Amino acid sequence: KTSNLIPPPEEDIQAKHGAEDFSLAFARIENHYFMNGAFFPRDGYLLEKEQIDKIRHIPTFIVQGRYDVVCPMMSAYDLHKAFPEAEFKVTLTGHSQYEPEITSELVKATDRFKYRYTA
C-alpha cells in the first residue's frame, strides 16, 4: 500500500500480493537488497561525479512521485543536482509506475526516442 498515493481496492492487492509464496519471496529479495546496501560499495556512490560522468552522455529522464514514501523525493532531487543534464519531472503521485500521471510521464519520455534510433 506504500507504493500508491491512492491504494487500489483491497481485493486487488490480495489478488496480486496475497499469495504466501509471493509475499515471502518479495520480502526475501527486498531484505537481501537493503541489507547489502543495494550492492554499492558506499553510501552516495551513484551521486559521485565519477559515476555520473559514466552516464552523462545518455539522455536521461527522472520521474519522481512527490508523495513517494518508498524512494524519497530528496533522492531524485540529489540525483538531478549531480546530473543536471537529466530532465526532472515531479508528479503528484506516490511510488508506483502504474499511477496514471507517472505512467503518462514515462510514456512521454519514451516516445521522445521513438524515431531517434531507426535505421
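Q: Let's start with Lys81: buried or exposed?
A: In this predicted model, Lys81 has a relative accessibility of 51% and so counts as exposed, the cut-off for that class being over 50%.

Q: And what does Lys81 form a salt bridge with?
A: Its partner is Asp78, and the closest N and O atoms of the two residues are 3.8 Å apart, where the cut-off for a salt bridge is 4 Å. Asp78 has a relative accessible area of 23%, so this residue is classed as partly exposed.

Q: How many residues apart are Lys81 and Asp78 in helix α4?
A: They are 3 residues apart in helix α4, which means that about one helical turn separates them.

Q: How many salt bridges does the count come to?
A: The count comes to 7 salt bridges.

Q: Which residues are linked in a network of salt bridges?
A: The network links Lys49, Asp53, Arg56 and Glu85. Within this group, Lys49 pairs with Asp53, with 2.5 Å between the closest N and O atoms, while the side chains of Glu85 and Arg56 meet at 2.8 Å, N to O.

Q: Switching to nonpolar residues, what makes up the largest nonpolar core?
A: The largest nonpolar core has 5 residues in all, namely Ile52, Ile62, Ala76, Phe83 and Ala86. In soluble globular proteins, nonpolar side chains tend to be buried together.

Q: What is Ile52 in contact with?
A: Once the neighbours within four places in sequence are set aside, Ile52 is in contact with Leu46, Leu47, Leu79, Ala82 and Phe83, and of these Phe83 is named as a member of the core.

Q: Which residues form a nonpolar patch on the surface?
A: Tyr33, Phe34, Phe39, Phe40 and Leu46 form a nonpolar patch on the surface, and together they have about 530 Å² of accessible area. Phe34, one of these residues, lies in helix α2 (residues 20-35) and counts as exposed at 56% relative accessibility.

Q: What about Phe39, buried or exposed?
A: Phe39 is exposed, at 51% relative accessibility, and this residue lies in the loop between α2 and α3. The phi angle of Phe39 is near 65°, which is a positive value in a residue other than glycine.

Q: And what's phi of Ala38?
A: Phi of Ala38 is near 60°, again a positive value in a residue other than glycine. Ala38 is found in the loop between α2 and α3, but this residue is buried, with a relative accessible area of 18%.

Q: New topic: where is Thr93, and is the residue buried or exposed?
A: Thr93 is in the loop between β2 and α5, and a relative accessible area of 3% puts Thr93 in the buried class. A polar contact of 2.6 Å joins the Thr93 side chain to that of Thr91.

Q: What else does Thr93 touch?
A: Not counting residues up to four places away in sequence, Thr93 touches Leu5, Gly65, Arg66, Tyr67, Asp68, Glu99, Glu101 and Ile102.

Q: What is Glu99 in contact with?
A: Leaving aside neighbours within four places in sequence, Glu99 is in contact with Ser3, Asn4, Leu5, Ile6, Thr93 and Gly94. The C-alpha atom of Glu99 is separated by 9.7 Å from that of Pro7, although the two residues are 92 residues apart along the chain.

Terms used: Residues are numbered from 1 along each chain as its sequence is written. This is a predicted model: local features need pLDDT of at least 70, side-chain atom pairs count only at pLDDT 80 or more; totals for chains, interfaces and linings use all residues. Side-chain values use heavy atoms; hydrogens and water are left out. Contact means heavy atoms within 4.5 Å. Helices (H or I, at least four residues) and strands (E, at least two) are DSSP runs, numbered from the N terminus. Buried means under 20% relative accessible area, exposed over 50%, partly exposed in between (1.4 Å probe, protein chains only). A polar contact is a pair of N or O atoms within 3.5 Å; within protein, one must be able to donate a hydrogen and the other to accept it, and residues adjacent in sequence count only if both atoms are side-chain atoms. Patches are made of residues with over 30% relative accessible area and no salt bridge: like charges are joined within 9 Å, nonpolar side chains (Val, Leu, Ile, Met, Phe, Trp, Tyr) within 5 Å. Accessible areas come from the Shrake-Rupley method with a 1.4 Å probe; for residues, only the protein chains shown count as cover. A nonpolar core is a set of buried Ala, Val, Leu, Ile, Met, Phe, Trp, Tyr and Cys residues joined through side-chain atoms within 4.5 Å.
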